[in-house]
Amino acid sequence: MESPKELEDIKVTVDAVIFGYFKKNDLQLLLIQRNIKPFKGDWALPGRLVLNNENLDDAVKRELYEKTGIRPDFLEQLYTFGNVDRDPRNRVVSIAYLGLVNPSYHKVFADSDVEDVQWFSVNQLPKLAFDHQIIIDVALKRLRKKIQYQPIAFNLLNEEFAFSDLENLYKTIIGKEIDRRNFRKKIMSYELLNETNNLKKEGSGRPSKLFIFNQEKHRGLEEEGFYFEIKWV
């Protein structure tokens, strides 16, 4: 029978999967380079041990800002990871978070506790510490599902954006082509995009109209039972 000491020897951490979007077709992930053992020199998700007097949400937000300079525009709990051998030092349970930021509004920096901080394409990730690849896979699956029923993807765009930017973003996240005509029809039917007086010029084609997402209207509609839904088939 296990002793009380053995039962209590479990540590709790928070780890953050922070996605950013760079221009077209480039969903990226924020990683830190570890400067301590184990996995010294390897890349990892930003994370920390939760202090005895610290709430989980406060812990992950503080970790992100202190080590990377990031304050996510969207942040929610993702999943709990607690395999016995996930950390060679101790029995560690991790509460993982999913976050979204627009990198153009955030300047990242490396705190003295880490070697470096960088954005990496989700399709070209470096060698990762611990079980962080598993955590990332779960987060990416959640993101692909969630953008179909909640308009969180707008957190990755500039405040003003062309409709083609929104199309490219959805296509990039799900990793396949979308029916552009039906996608536009569905999005515009919700009347959540406000057209601005500004235009975006790209290449030799006609300038594109710019829109903003009406967050206040969306909150009001949600309170009335509005259900956002985008289906790929």
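Q: In this predicted model, what does helix 3 reach from its first C-alpha to its last?
A: The model is predicted. Helix 3 covers residues 132–146, which is 15 residues. At 1.5 Å a residue, the expected reach is 21 Å. The helix comes close to that, with a reach of 21 Å.

Q: Why do the buried residues of helix 3 lie on the same side?
A: The buried residues are His-132, Ile-135, Ile-136, Ala-139, Leu-140, Leu-143 and Lys-146.

Q: How many residues of helix 4 are buried?
A: Among the buried ones are Phe-163, Asp-165, Glu-167, Asn-168 and Tyr-170. Leu-166, Leu-169, Thr-172, Ile-173 and Ile-174 are buried too. Helix 4 is therefore largely enclosed by the rest of the structure. The count is 10 of the 12 residues.

Q: What reach is expected for helix 4 at 1.5 Å a residue?
A: Helix 4 has 12 residues. From its first C-alpha to its last it reaches 17 Å. That is close to the expected 16 Å.

Q: Which residue follows helix 4?
A: Its phi is positive, near 75 degrees. The residue is Gly-175.

Q: In which sense do strand 1 and strand 6 pair?
A: Strand 1 is mostly covered, with 9 of its 12 residues buried. It pairs with strand 6 over 11 bridges. Ala-16 stands opposite Tyr-97 of strand 6. The sense of this pairing is parallel.

Q: Which residue in strand 2 is the bridge partner of Gly-20?
A: Strand 1 and strand 2 run antiparallel. They are joined by 3 bridges. The partner of Gly-20 is Gln-28.

Q: Does Gln-33 count as buried or exposed?
A: Gln-33 has its place in strand 2. Its relative accessibility is 18%. Buried means under 20%. At 18%, Gln-33 therefore counts as buried.

Q: Which residue's backbone oxygen lies 3.0 Å from a polar atom of the Gln-33 side chain?
A: Leaving aside neighbours within four places in sequence, Gln-33 is in contact with Asp-42, Trp-43, Val-114, Glu-115 and Asp-116, and also with Gly-41. The backbone oxygen at 3.0 Å belongs to Gly-41.

Q: Which element gives the most to the largest nonpolar core?
A: This core has 45 residues, and Val-17, Phe-19 and Leu-166 touch the most other members. Elements that each supply at least two residues include strand 1, strand 6, helix 5 (180–189) and strand 10 (208–213). The top contribution is 6 residues, from helix 4.

Q: Which residues is Leu-166 in contact with, leaving aside its neighbours within four places in sequence?
A: Leu-166 is one of the buried residues of helix 4. Its contacts are Phe-154, Leu-157, Phe-161, Phe-183 and Ile-187.

Q: How many residues make up the second, separate core?
A: Its members include Val-14, Ala-44, Ile-70 and Val-117.

Notes
Residues are numbered from 1 along each chain as its sequence is written. This is a predicted model: local features need pLDDT of at least 70, side-chain atom pairs count only at pLDDT 80 or more; totals for chains, interfaces and linings use all residues. Side-chain values use heavy atoms; hydrogens and water are left out. Helices (H or I, at least four residues) and strands (E, at least two) are DSSP runs, numbered from the N terminus. The expected span of a helix is 1.5 Å times one less than its number of residues. Buried means under 20% relative accessible area, exposed over 50%, partly exposed in between (1.4 Å probe, protein chains only). Two strands pair if DSSP finds at least two bridges between them. A polar contact is a pair of N or O atoms within 3.5 Å; within protein, one must be able to donate a hydrogen and the other to accept it, and residues adjacent in sequence count only if both atoms are side-chain atoms. Contact means heavy atoms within 4.5 Å. A nonpolar core is a set of buried Ala, Val, Leu, Ile, Met, Phe, Trp, Tyr and Cys residues joined through side-chain atoms within 4.5 Å.
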